[in-house]
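Let's take a friendly walk through a protein model. Keep the sequence and the 3D view open as you read.

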Amino acid sequence: MSTKAGEIKEIKVGMLGCGVVGSSVARLLSEDSGDFAERVGATLKLVQVAVRNVSAKRDSVSSSILTGDPQKVVADPSIDIVIEVMGGIEPARTLLMTAINNGKSIITANKALLAQHGAELFDAARKNGVDLFYEASVGGAIPILRPLRESLVGDHVNRIMGIVNGTTNYILTKMDEEGSDFASVLKEAQALGYAEADPTADVEGHDAAAKAAILAGLAFHSRVTIDDVKCEGITGITSRDIQVAHDIAHVIKLLAIAEKTDTDAISVRVHPTLVPRHHPLAAVRNAFNAIFVEAESAGDLMFYGRGAGGAPTASAILGDLIAVARNKVRGGIGVGESDYAALPIATVGAVKTRYLIRLDVADKPGVLATVAQLFASHDVSIETVRQSGRGDSAELIVMTHEASEASLSATVDALSKSSVVKSVESVLRVVGNAS
């Protein structure tokens, strides 16, 4: 039974996890309690926090509310809202399902969980009449999910392109600005704390792929999982790739791209992408994130800010907490999952884009004509060709017009087997126009 507006005087909050982000949430919740109470219409009280090591010193959390048993948080009947910042798939999934089934609203920053099991969680939240908010799962402090869910609900989103991983953006920025190679910049990023000791999730694109799935689902009102995302990381990007991009007034960024195809299917992918230097995303440096939205009526929009870190991520979590708490005070729930469109996922081969292909070829007459014929025979139209000699070899840099992934793949396969091509050095996708 819903509570009448004004009856709730205190809302009790439990939290799963208390690392960098959780500690920031607890600190800000304590420091700004008076303001939050005014904004919500009731006091927000953190009453229980589940952690792995109860004896570890935490300046922002009283030891009296710490517990080593997360079941106490999700099963406590007095707790109204559970914040999950523990990460990972399990036990987070089971704990949140328990909390939801016990009538608790959920706030989570867990992009991996949402990208894999979001449908199950949303169904449970709908069945139990509770909120499931997750602004902090994509872009840290950047407010992007609520605008997609609410502000742009009267519009049609055509495409989203985002720099959603600070580690890879830091690495690519340093490679572009300093001419450094990938391995040395990765070591620097690890030393500065921008990259994990095991950077696989970041540099192979898996982190960005989870966020791409979440963005795509919201933008196109369909269920999208991480398994629907074509994913390619940045480990193959070389200093030469960076130099070629620079020479043609482009920069390489790891982009998460979600867009509707001509057949009303959804294409979702993560890969290194050549971006024209005049495009707003090209100016996003270091560990910052940005999401570029192309909408039918609103036009182009860009959301920019810090994509990670304790305080920035806590800001997004607390924004969700206030919104959910207000719903509790007023007696209702907020906007839930919108999956009415149920658009299909486009096959990888059907996706169309422009490409830049760098070839090591024999430096002799007729090579260019042979290469051009191979492109034409697979319906890939060439926009520009640049050639430079280097001893017995030459480098060909081919920019194509828009072509399908299937046609491009067949072209690259044919090039790699050609007697005039020594090696296909790199294949990069391109967005935007050169001018």
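## A buried glutamine

Gln48 counts as buried because its relative accessibility is 14% (buried means under 20% relative accessible area, exposed over 50%, partly exposed in between, with a 1.4 Å probe and protein chains only). This is a predicted model, in which local features need pLDDT of at least 70 and side-chain atom pairs count only at pLDDT 80 or more, while totals for chains, interfaces and linings use all residues. Residues are numbered from 1 along each chain as its sequence is written, and side-chain values use heavy atoms, leaving out hydrogens and water.

You will find Gln48 in strand β2 (residues 43–50); strands (E, at least two residues) and helices (H or I, at least four) are DSSP runs, numbered from the N terminus. A polar atom of the Gln48 side chain lies 3.4 Å from the backbone oxygen of Lys72.

## An enclosed helix

How many of the 15 residues of α10 are buried? The count is 14, so α10 is largely enclosed by the rest of the structure. The end C-alpha atoms of helix α10 (residues 206–220) are 21 Å apart, which agrees with the 21 Å that 15 residues should span at 1.5 Å a residue (the expected span is 1.5 Å times one less than the number of residues). After α10 comes His221, with a positive phi near 50°.

Technical notes
Polar contact = N/O pair within 3.5 Å; in protein donor to acceptor, adjacent residues only side chain to side chain.
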